[in-house]
Amino acid sequence: MTDRELIARAAAARERAYAPYSGFSVGAALLTENGNVYEGVNVENASYPVGICAERAAIAAAVSCGERHFAALAVIADSPGVCVPCGMCRQMLVEFPLRRILLANTAGTVRVMTPAELLPCAFGAEALPGKGGQR
């Protein structure tokens, strides 16, 4: 799948976002190493912390289906610049092997980054003595 196709999948998913409070709809499409694509959207709630971001929704969908190795993630919103993941999403992105993140907006601007570029000095499984994580 090309980057352009993955961004198109994220844009299509964005149309299904539930953002009645902020009006800021976000779509994400996560490409796995196996070639599967899992989509996610932001889902807001009147109790703001209860909502979920599109990036974490896509990761949760993939993990729920047994996927753990990701090739790329596309994130898109109608924003002046590219849509950049929040801190919680950045932390979630460094948890799993992921090569590149495509940050986009509906005007066609795209920026490609790695999880390490988005969250330098990230907290990871190696910081937990004796844990090492289950990947």
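Author: Taking a disulfide as a pair of cysteine sulfur atoms within 2.5 Å, the count here comes to zero disulfides. Cys86 is in none, and the nearest cysteine sulfur, that of Cys89, is 3.7 Å away. This is a predicted model, where local features need pLDDT of at least 70, side-chain atom pairs count only at pLDDT 80 or more, and totals for chains, interfaces and linings use all residues. Residues are numbered from 1 along each chain as its sequence is written, and side-chain values use heavy atoms, leaving out hydrogens and water.

Reader: Why is Glu55 called buried?

Author: Buried means under 20% relative accessible area, exposed over 50%, and partly exposed in between (1.4 Å probe, protein chains only). Glu55 has 3% relative accessibility, so Glu55 counts as buried.

Reader: And what makes Cys121 exposed, but Cys86 partly exposed?

Author: Cys121 has a relative accessible area of 82%, so it is exposed. For Cys86 the value is 32%, so Cys86 is partly exposed.

Reader: What is Glu55 in contact with, leaving aside its neighbours within four places in sequence?

Author: Contact means heavy atoms within 4.5 Å, and the partners of Glu55 are Ala28, Leu73, Val75, Pro85 and Cys89.

Reader: Why is Ile52 called partly exposed?

Author: Ile52 has 31% relative accessibility, so that is how it counts.
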